[in-house]
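Good morning, and thank you for the time on the agenda. I would ask you to keep the sequence and the structure in view while I speak.

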Amino acid sequence: MSLVNQTCWVVGGVGVIGRGIARSFLQAGATVIVNSSEESRLEKIASDLLNPPKLVLVHGDLLPGQAEKTIDRALSQVNSSLNHVVAHGAVRYWTEMTAGCDETYSLNVAKRLLDMEPDEFLVASSQLAKMHFTAAKTLLPKLHGTNPTYTFVTGDGGGHRSGKRSSTGEINSHHIWGLSAALRGELESSDIVCREIRVGLAVNRPEEERINEPRDRPLSEDIGDLCAGVASSGGTSMDGGLIKIDCQKTLEDYLIKFDADKDKNINLPHIWEFNGSL
C-alpha cells in the first residue's frame with residue numbers, strides 16, 4: 001500500500017476519526033490536506049503527529065460560500081494536485097457535547113423534534129448533508145490522475161433509541177447515507193471511484209470492555225488504514241461501492257483484502273482518545 005507522490009484531502013481530518021485517517025495516509029507516503037475553521041485543532045493534529053512535513057494545514061471551512069476559497073488556498077500549496085478525498089461524515093453522539101467537537105452539538109438544535117416548526121426542521125435536518133454536498137461538489141472536479149477516489153466514512157446510523165444520538169443527529173446521519181448512495185450511483189461510469197465505508201463498531205467502549213479487551217492500537221487508525229488501502233487499490237470493484245464494517249473480524253478481513261498494513265513509509269505516533277477506547 002503506497003500513496004507516494006499522491007495527495008489526499010481528509011474532510012473532517014481534525015476530528016477523532018479523521019485524525020486517524022490523516023495519520024494512515026501520511027504513513028502511506030501521501031501528502032495530506034486537513035482543514036478547520038479553528039486554528040487550535042489544526043495545531044493539535046500537527047503536534048500529536050510531530051509536525052510531519054507532508055501534512056498541509058488550511059485554516060478555513062467547506063461550508064457553502066466559503067469552500068471554494070478554502071480549497072483554492074489549499075491546492076495552491078500542493079501545486080493543484082489532488083488524487084483522493086476521504087470525507088468523514090458520522091455524527092459523534094459518543095463525545096462530550098462541546099462546540100467544535102461533536103457534530104450533534106454543532107448542529108445547534110436545542111429543541112425536541114416535534115417542538116420544531118417545519119422551517120426549523122428543514123434547516124436542522126440537512127446541516128451535515130449540506131456541508132458534505134458542498135465539499136463533494138467543490139472537491140470532485142479537482143480530482144485527477146489515475147484512479148482518483150472519493151470515499152465517505154460514515155457511522156452506523158442505527159437508531160439509538162436510548163437517546164445517545166439526538167433526533168437531529170440521527171436524521172443527519174441518514175442524509176449522509178443517502179448522499180453517498182446517490183453519488184456512488186452517479187459516478188459509477190466516471191473515472192472517479194466513489195465508495196462508502198460504513199462503520200458499525202462500538203467506538204467509545206465501556207471501561208470494563210477496554211480493560212478486558214484492550215486494543216493494540218486505536219480503532220481510528222484501523223479505519224484510516226482501510227481508507228488508505230481502498231484509495232491505493234484504484235478501481236477494485238465492491239458491491240455498490242459500500243463496505244460495511246459490523247465487527248472487528250470484518251474490519252481485519254478488509255485490512256488484509258486491501259493490503260492496508262503494508263509498505264508504511266514513515267512511522268508516526270499513535271493518537272489515543274478516551275483513555276484507550278479509540
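This is a predicted model: local features need pLDDT of at least 70, side-chain atom pairs count only at pLDDT 80 or more; totals for chains, interfaces and linings use all residues.

How are the two helices placed relative to each other? Helix 6 covers residues 127-139 and helix 7 covers residues 167-186; their axes come within 8 Å and cross at roughly 30 degrees. Helix 6 is therefore described as roughly parallel to helix 7, and their crossing is right-handed.

Seven strands make up an open sheet with parallel pairing, and their order is 3-2-1-4-5-6-7. Which strands lie at the edges? They are strand 3, at 55-59, and strand 7, at 242-245, each of which pairs on one side only. From one strand to the next, the twist averages 20 degrees. Among the residues involved, Thr151 has Arg195 of strand 6 as its bridge partner.

Helix 9 deserves a section of its own. Which strands does helix 9 lie across? They are strand 4 (84-88), strand 5, strand 6 and strand 7, and the helix runs at about 160 degrees to strand 6.

Helix 9 also packs against helix 1, at an angle of about 50 degrees and with the axes 7 Å apart. That angle is why helix 1 counts as oblique to helix 9. The crossing of this pair is right-handed. Helix 1 contributes Val16, Ile17, Gly20, Ile21, Arg23, Ser24 and Phe25 to the contact. From helix 9 come Ser220, Glu221, Ile223, Gly224, Asp225, Cys227, Ala228 and Ala231. By class, the contact of helix 1 with helix 9 has eight nonpolar, four polar and three charged residues.

A further partner of helix 9 (residues 219-232) is helix 10 (residues 248-257), where the packing angle is about 40 degrees and the axes are 9 Å apart. Helix 9 is therefore oblique to helix 10 as well. Is this crossing left-handed or right-handed? The crossing of helix 9 and helix 10 is left-handed. Leu219, Asp222, Asp225 and Leu226 of helix 9 make the contact with Gln248, Leu251, Tyr254 and Leu255 of helix 10. These residues divide into five nonpolar, one polar and two charged.

I close with the salt bridges. Side chains of opposite charge can pair when their charged atoms come close. The model has eight salt bridges, counting a Lys or Arg side-chain nitrogen within 4 Å of an Asp or Glu carboxyl oxygen. One of them joins Arg19 to Asp48, with the closest N and O atoms 2.8 Å apart. Arg19 belongs to helix 1 (residues 16-27) and Asp48 to helix 2 (residues 39-48), so this pair ties together parts that are 29 residues apart in sequence.

Terms used: Residues are numbered from 1 along each chain as its sequence is written. Side-chain values use heavy atoms; hydrogens and water are left out. Axes are lines fitted to C-alpha atoms, for helices over the stretch in contact, and angles run from 0 to 180 degrees between N-to-C directions. Helices (H or I, at least four residues) and strands (E, at least two) are DSSP runs, numbered from the N terminus. Angles under 35 degrees count as roughly parallel, over 145 as roughly antiparallel, 65 to 115 as roughly perpendicular and the rest as oblique. A crossing is left-handed if the near helix is turned anticlockwise from the far one by less than a right angle, and right-handed if clockwise. Contact means heavy atoms within 4.5 Å. Ala, Val, Leu, Ile, Met, Phe, Trp, Tyr, Cys and Pro count as nonpolar, Asp, Glu, Lys and Arg as charged, and the others, Gly among them, as polar. Two strands pair if DSSP finds at least two bridges between them.
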